[in-house]
Amino acid sequence: MKKSWWKIVAVILLVYTFIGGILFEVPRLEIVNESIRGLYFHVPMWFGMIVMFLISTIYSIKYLKNPSTHNDIYSVEFANTGLTFGLLGIVTGMIWANYTWGSPWHGDPKQNGAAIAILVYLAYFVLRGSLENQEQ
């Protein structure tokens, strides 16, 4: 129990955020109305993506300095998690943009940058998979 306290805290925070995103009072703005509730989920996914990709990069650099299976696995799994957050962020952002701007892809530089980051990491996984197949 002492080692998993952070998991319990994480679950409590997720439940609080979910309930808060649905029930808490939000500002009544002309364009966004109730769609602003999506920001409770959308923005943390972007921050999660950025943090996971940063940690993946750190473990990749560690792997280049000291090739070990531990560093490689951590790098890949943080990239997997970051990619999941990124895809969920893109989808929730497109839903919000459709209600706010009338179009799911408005061409905002942040949207384009996030899409490029996701494409780069997808290419990373394709290259990694092909290298693993060559080693076998």
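This is a predicted model: local features need pLDDT of at least 70, side-chain atom pairs count only at pLDDT 80 or more; totals for chains, interfaces and linings use all residues.
Local features were considered at pLDDT of at least 70 and side-chain atom pairs only at pLDDT 80 or more, whereas totals for chains, interfaces and linings use all residues. Residues are numbered from 1 along each chain as its sequence is written, and side-chain values use heavy atoms, with hydrogens and water left out.

Rolling a probe the size of a water molecule over the atoms shows where empty space is left. Here a pocket is an open set of points, on a 1 Å grid over the protein atoms alone, where a 1.4 Å probe fits, with protein on both sides within 12 Å along at least five of seven lines; lining residues have an atom within 4 Å of a point.

Two helices, α1 (5–23) and α2 (39–65), each give two or more residues to its lining (helices are DSSP runs of H or I, at least four residues, numbered from the N terminus). The biggest share comes from α2, with six residues. Among the lining residues are Trp-6, Phe-18, Tyr-40, Met-52 and Phe-85. By class, this lining holds nine nonpolar residues, two polar and no charged (Ala, Val, Leu, Ile, Met, Phe, Trp, Tyr, Cys and Pro count as nonpolar, Asp, Glu, Lys and Arg as charged, and the others, Gly among them, as polar).

Of its 16 lining residues, His-42, Trp-46, Asp-108, Lys-110 and Gln-111 are the closest to its centre. Two or more residues come from each of α2, α3 (69–101) and α4 (109–135), and α3 gives the most, with seven. This lining comprises 10 nonpolar, four polar and two charged residues.
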